[in-house]
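Dear colleague,

Please find the structure below, followed by a short account of what was found in it.

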Amino acid sequence: MKIFLRYAADPGFQTGVAEDIGVSQPAVSYTIKCVTQKIMNKAHIWIRFPQVKLSELQDNEAIQEEKQRWLRRYNFPTAIGAIDCTLIRIKKIHVNRHGNEYICRKQFPALNVQATCNAEEYFTSVSAEWPGSVHDSRIWRNSSVCRVFRTFNNAVLLGDQGYGIEKCLMIPYRNPATPREEAFNNLLKRERVIIERCFGQLKQRFPTLQNIIRLRLLAIPSFIAACFVLHNVAKYLKDEAVLEEENNDNDNDDDNLDEEDNNDPAQEVQRREGQRKRNELTEIMFQNIELTNANETKDNKN
């Protein structure tokens with residue numbers, strides 16, 4: 001574990017880790033592989049998405065608890081977490097072997113890593129196997145968390161414009177035309193930044209994720225996921241030593257608009273349901289704002 005953590009805290013050169021610890025470079029490589037496997041064997045314990053039974057979708061206790069946890073810290077109704085993708089750089093040699101699919105829109109070789117987090121800033125899911133050129137919305141549609149989340153009746157994730165609107169995934173209005181839509185956008189953007197904060201914390205804790213991961217391509221997704229697992233463990237142990245400065249600079253910003261497939265009838269249904277749900281939440285939020293303002297005015301008069 002000492003070798004693994006030393007490598008994760010380094011710009012990624014195994015020879016430097018070997019010299020510092022006093023072992024050979026092959027020993028470092030073998031140790032990283034073994035420790036990653038051991039961590040991933042326990043990943044299901046530390047990275048867990050709320051589980052529901054099909055017969056209890058409406059009032060599932062786990063979902064209700066997550067919504068209450070969100071409302072204790074934030075204000076977005078029915079939210080249980082946020083979702084986004086971040087780019088993790090890989091060696092250019094992988095691109096030479098596999099074509100340009102790993103070249104991201106920022107024009108460097110990378111993996112596009114999707115994750116979700118909850119109100120307490122724990123990661124609840126991670127998908128780290130997609131090439132950098134793959135769009136956020138495609139990763140979402142093919143992820144296990146999407147399949148699970150589409151079974152929920154009254155819970156949402158908060159995303160950015162890189163995703164398509166769905167009844168379970170809220171994104172901002174592209175062109176807000178009313179004060180209510182502006183208020184919706186402001187609240188969503190203010191609260192979904194939690195996932196960017198989590199990415200910033202993760203990359204500060206494991207700096208090699210900010211540089212280039214120098215491992216075999218097939219080994220990189222598991223290594224990245226292992227870092228997510230250890231980050232949750234550290235949060236559980238209240239190890240906040242490296243998190244004094246939060247980094248909200250995410251490689252995948254709101255300019256990465258969703259590439260919607262308008263020819264897909266199923267996606268069109270999802271969009272219509274999502275738009276209806278967003279309009280409902282907008283009305284609820286605006287009513288809450290009006291009620292709060294009225295109560296404040298009443299208190300001031302008293």
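The buried residues of helix H3 (25-41) are covered by elements that include helix H1 (2-8), helix H2 (14-21), helix H4 (43-46) and helix H10 (220-236). Here contact means heavy atoms within 4.5 Å, and buried means under 20% relative accessible area, exposed over 50%, and partly exposed in between (1.4 Å probe, protein chains only). Helices (H or I, at least four residues) and strands (E, at least two) are DSSP runs numbered from the N terminus.

This is a predicted model, in which local features need pLDDT of at least 70 and side-chain atom pairs count only at pLDDT 80 or more, while totals for chains, interfaces and linings use all residues. Residues are numbered from 1 along each chain as its sequence is written, and side-chain values use heavy atoms, with hydrogens and water left out.

The buried residues of H3 are Val28, Thr31, Ile32, Val35, Thr36 and Ile39. Seen down the axis of H3, they fall within an arc of 130° (taken from the directions from the helix axis to the C-beta atoms), so they line one face of the helix. The face turned away from that buried side carries the exposed residues Pro26, Tyr30, Lys33, Gln37 and Lys38.

Strand E1 (residues 79-89) is mostly covered, with 10 of its 11 residues buried. E1 pairs with strand E2 (residues 110-117) in the antiparallel sense over eight bridges, where pairing requires at least two DSSP bridges between two strands. In this pair, Thr86 stands opposite Val113. E1 also pairs with strand E4 (residues 156-158), in the parallel sense over three bridges, and Ala82 stands opposite Leu158 there.

Yours sincerely
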